[in-house]
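Subject: Structure for your files

Dear colleague,

Here is the structure, sequence included. My notes on it follow below.

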Amino acid sequence: MQFTDFVFYFLSAILLLASLRVITARNPVHAALSLVLAFFTAAGLWLLLEAEFLAITLVLVYIGAVMVLFLFVVMMLDINLEELRRGFWSYLPAGLLVGGLMVVEMIMVLGSRDFGLAEPLAHAADYSNTKELGRVLYTEYVYPFELAAVLLLVAMIAAITLTHRKRADTRPINPADQVKVKRADRIRMVNLKPQKPEAPKEDDA
Amino acid sequence: MNNPQLATLPDFTPALPEIFILIMACAILLLGVMFKDRDWAYPLTLFTLVAAAAITVLTSVPQVQITFSGQFVDDPMADVLKLMAYFATLTVAVYSRPYLIERGLFKVEFFVLVLFALLGMMVMISANHFLTLYIGLELLSLSLYALVALQRDSAQSTEAAMKYFVLGALASGFLLYGMSLLYGVTGTLELPAMALALQAGVADQPVLIFGLVFLIAGLGFKLGVAPFHMWVPDIYHGAPSAVTLFIGSAPKLAAFAFTIRLLVNGLHPEVANWQGMLAVMAVLSLAIGNLAAIMQTNIKRMLAYSTISHMGFLLLGIMSGTFAGYAAGMFYVIAYVLMSLGSFGLVVYLSRGGAEPGLEAENIDDFRGLNSRNPWLAAMMAILMFSMAGLPPFVGFYAKLAILQSLVGAGYVWLAVVAVMFSLIGAFYYLRVVKVLYFDAPKPNAPVYAAIPDVQALLSVNVLAVMLLGILPQPLFTLCTYAMQMTLQ
């Protein structure tokens, strides 16, 4: 067994265990952390495939940004796990049956064959993955690239449309106005003539 | 710059309509943000659609143009379907205006999302690559999810949007998995290149078929055919009627183009493998769609089940695997979109309370005795129902006939017999609506509808088209045959 094979099996084993923990962990924070581990080992596998740029992007974007936000949300929301798990045992047999069947089918069909394709050649050491990706992205794939940007724009519009509410009862504060405020804006000097308080009326009763 | 290809720009002319729609959608959004108190979105959307139609006609050439390094294809089929999609979107905008105003949904976002959905459809119609097919589909789906949830104070709409989103994501997963397996087998994502690779033969036939199964399951979800139809009635019922009108019309054109691009442009060498799967889905859809529609009391649900059966019919055309079948399928989908626009358009038009805003005309009961209240609307509804049932001389009849002819021509007589049988069963629930319109007494507190001139005029044009195309189907049929011929030459 070559060293790369060893690394592959090592990372794959961690990836599988971590993925299993994502769906079995009782605590959602633990599940999210397991997902971080799964992403990290997946990034390692990509490194083995000479996809360095993608591996680093996975770490930076998914672990660094997406999962951190995700953890924030999980910690802030008060999720009632018992309610989520209520149907677990009743659905388990059917789920196991379907899942098991799928696994058996996939092993039978896909197996350990390599799709009949030739083994990919390793690139030279000075081959720049990032440069190649950039070249293809902005020439050959510029059309889907732009469309992906439109997709993100639509996601943004949809999110704002569905969640933004203009409430009438909020009192927004403008810091600039607060800084610029003068004494005259707040205090009004009133010239009051001194006057005697009225004498209490005499009660006849 | 050692690569000379880098120095040359791709040819933008074939993609001008897409570029125009994108620019206008962004412009409408910006104008809506900057000038909040003006209603520019509606007229600008109409202008955009008309101008895009003009651009499509002007840039259309009678040949297949491929640009953006094989990602984008512009051919006569794409042009015809795009023109139809503009018309459908324009009609949706006009029909839904009173409905949206009454419910406080007449906002910039509605029109912007509709335009983005249209862009997604156009990308799908013109896709020549798995990547563009998928991104177009997601662009359409994402806009539709948001549109369904637009009425966010309604629990029903929100639930429908949630269901649509989850099932749509699952279907996308199926599609992507199938695509990735096919990529593994053929080593390419470009549709014509994939057809060539398949023709040359692949080493791993089982994996190919395995991928094909996932691909077709995903396709079934998106088309809404049985056994992947569960979402259709719930979404059609739960969404605001104006959005149902949109979902039920224009995206069907894109779904047809998606199927043709995927199965015919890309996977035609595997026709023997996908034919059987399509036949099963088609027969199941015809059975479930027509039988379940009989039991519905809500007209939106009934029309949803009718959609399932119509999509089954459409699949029969594609399933025949012949040129005549594809042309008949194209005719069918255009005819169906016209009928669907009309019938959902009437549901939206009648969902007006007047004194009681927010009243929906959702149940078949709400249409009782429409003839005595408004004979013109009742007549239009009756014509649409007759056409959907496939009675001559309306367009639905000719569309069904063309599909049946192609089936018999390809030697699937038994499938044609099954299709006719289920159409007969289906005729029952369409005719029941006609009976309710004409022979039942109206509800005592039924609202009286004041005419809205522009909507009523367009509805009349729509129904007239259903009638005229039924009497004179030849021009449109010739157009569909010609477009298919150019595309599949």
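I start with B:Trp274, which touches B:Leu212, B:Ile216, B:Leu263, B:Leu267, B:His268, B:Ile318, B:Met319 and B:Tyr326, leaving out residues up to four places away in sequence. Contact here means heavy atoms within 4.5 Å.

The model is a predicted one: local features need pLDDT of at least 70, side-chain atom pairs count only at pLDDT 80 or more, and totals for chains, interfaces and linings use all residues. Residues are numbered from 1 along each chain as its sequence is written, chains are lettered from A and ligands numbered from 1 in the order in which they are written, and side-chain values use heavy atoms, with hydrogens and water left out.

Cores

B:Trp274 is, with B:Met330 and B:Phe367, among the residues with the most contacts inside the largest nonpolar core, which has 199 residues. Helix α15 (residues 323-350) of chain B supplies the largest share of this core, 20 residues. A second, separate core has 10 residues, including A:Ala32, A:Leu58, A:Ile63 and A:Met67. A nonpolar core is a set of buried Ala, Val, Leu, Ile, Met, Phe, Trp, Tyr and Cys residues joined through side-chain atoms within 4.5 Å. Buried means under 20% relative accessible area, exposed over 50%, and partly exposed in between (1.4 Å probe, protein chains only). Helices are DSSP runs (H or I, at least four residues), numbered from the N terminus.

Contact between the chains

Chain A puts 30 residues into the contact and chain B 38 residues. The area buried between chain A and chain B is about 3100 Å², and carbon and sulfur atoms give 76% of that. Buried area is the accessible area (1.4 Å probe) that two parts lose on being put together, summed over both. Between chain A and chain B there are zero salt bridges, and three residue pairs are in polar contact, both residues at pLDDT 80 or more. A polar contact is a pair of N or O atoms within 3.5 Å; within protein, one must be able to donate a hydrogen and the other to accept it, and residues adjacent in sequence count only if both atoms are side-chain atoms.

On the side of chain A that touches chain B, the elements giving two or more residues are α5 (88-109) and α7 (142-163) of chain A. Of that side, α7(A) gives the most, with 15 residues. By class, the side of chain A that touches chain B has 20 nonpolar, five polar and five charged residues. In these classes, Ala, Val, Leu, Ile, Met, Phe, Trp, Tyr, Cys and Pro count as nonpolar, Asp, Glu, Lys and Arg as charged, and the others, Gly among them, as polar.

Salt bridges

Over all chains, the whole structure has 11 salt bridges. The term stands for a side-chain nitrogen of Lys or Arg within 4 Å of a carboxyl oxygen of Asp or Glu.

One of them joins B:Arg97 and B:Asp454, with the closest N and O atoms 2.9 Å apart. B:Arg97 is in helix α4 (residues 76-102) of chain B and B:Asp454 in helix α20 of chain B, so the pair ties together parts 357 residues apart in sequence. B:Arg97 is partly exposed at 21% relative accessible area, and B:Asp454 is partly exposed at 32%.

B:Asp234 and B:Arg301 also form a salt bridge (3.0 Å, N to O). B:Asp234 sits in helix α10 (residues 231-238) of chain B and B:Arg301 in helix α14 (residues 299-319) of chain B, 67 residues apart. B:Asp234 is partly exposed, at 25% relative accessible area.

A further salt bridge pairs B:Asp366 with B:Lys443 (2.9 Å, N to O). B:Asp366 is in the loop between α15 and α16 (370-373) of chain B and B:Lys443 in the loop between α19 (413-439) and α20 of chain B, so parts 77 residues apart in sequence are tied together. B:Lys443 is partly exposed, at 31% relative accessibility. Salt bridges that share partners join B:Glu159, B:Lys163, B:Asp234 and B:Arg301 into one network.

Single residues

Leaving out residues up to four places away in sequence, B:Gln456 touches B:Tyr349, B:Trp376, B:Leu377 and B:Ala451. B:Gln456 lies in helix α20 (residues 453-471) of chain B and is buried, with a relative accessible area of 13%.

B:Met380, in helix α17 (residues 375-389) of chain B, is buried at 0% relative accessible area.

Regards
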